[in-house]
Amino acid sequence: QVQLVESGGGLVQAGGSLRLSCAASGYIFSSYGMDWFRQAPGKEREFVASISWSGHNTYYTDSVKGRFTISRDNAKNTVYLQMNSLKPEDTAVYYCARRRDSHTYYLTYDLRDFNYWGQGTQVTVSS
């Protein structure tokens, strides 16, 4: 069965860095785009970053552009989110998600376009 397991979250001071990982299993990883979302307490889940199945195309929400980098290693079935210059407003639970359709890629914020989610990893940025 499909599994997505995030890791790498933690507590960091403002200005610091973290690298999140999402290990995938149970499907052909290289055939699907992957995304990162986050959810802060009392807020809706929001899009953070996206990467195509090949890794050639990426998108970011405006608030993280220039600070976060999404990447993937199809040989290791893993997608990453490198987060630099972290701010207290980045505090949230971060989730990786797999696109519903293989070999298609477009920017989407619609949660219905994703059919598998990880359990989430907590990122806390102190001021």
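**Salt bridges and a disulfide**

The side chains of Arg38 and Asp90 meet in a salt bridge, with 3.0 Å from N to O. A salt bridge is defined here as a side-chain nitrogen of Lys or Arg within 4 Å of a carboxyl oxygen of Asp or Glu. Arg38 lies in strand E4 (residues 34-39), and Asp90 lies in the loop between strand E8 (78-83) and strand E9 (92-99), so the pair ties together parts that are 52 residues apart in sequence. Strands (E, at least two residues) and helices (H or I, at least four) are DSSP runs, numbered from the N terminus.

The model is predicted: local features need pLDDT of at least 70, side-chain atom pairs count only at pLDDT 80 or more, and totals for chains, interfaces and linings use all residues. Residues are numbered from 1 along each chain as its sequence is written, and side-chain values use heavy atoms, with hydrogens and water left out.

Side chains of opposite charge can pair when their charged atoms come close. By the salt-bridge rule, the count comes to 6. One of them joins the side chains of Asp90 and Arg67, at 2.7 Å from N to O. This pair also links distant parts of the chain. Asp90 sits in the loop between E8 and E9, while Arg67 sits in the loop between strand E6 (58-60) and strand E7 (68-73), 23 residues apart.

Another salt bridge is formed by the side chains of Arg38 and Glu46, at 2.6 Å from N to O.

Arg38 has 6% relative accessibility, so Arg38 counts as buried. Asp90 and Arg67 are buried as well. Glu46 is at 36% relative accessibility and therefore counts as partly exposed.

A disulfide is a covalent bond between the sulfur atoms of two cysteines. The rule applied here asks for a pair of cysteine sulfur atoms within 2.5 Å. By this rule the count comes to 1 disulfide. Cys22 and Cys96 form this link, with their sulfur atoms 2.0 Å apart. The pair links distant parts of the chain: Cys22 is in strand E3 (residues 18-25) and Cys96 is in strand E9, 74 residues apart. The link of Cys22 and Cys96 is right-handed, with 55° about the S-S bond. Cys22 has 0% relative accessibility, so Cys22 counts as buried. Cys96 is buried too, because its relative accessible area is 0%.

Conventions. Buried < 20%, exposed > 50% of the residue type's maximum accessible area, 1.4 Å probe, protein only.
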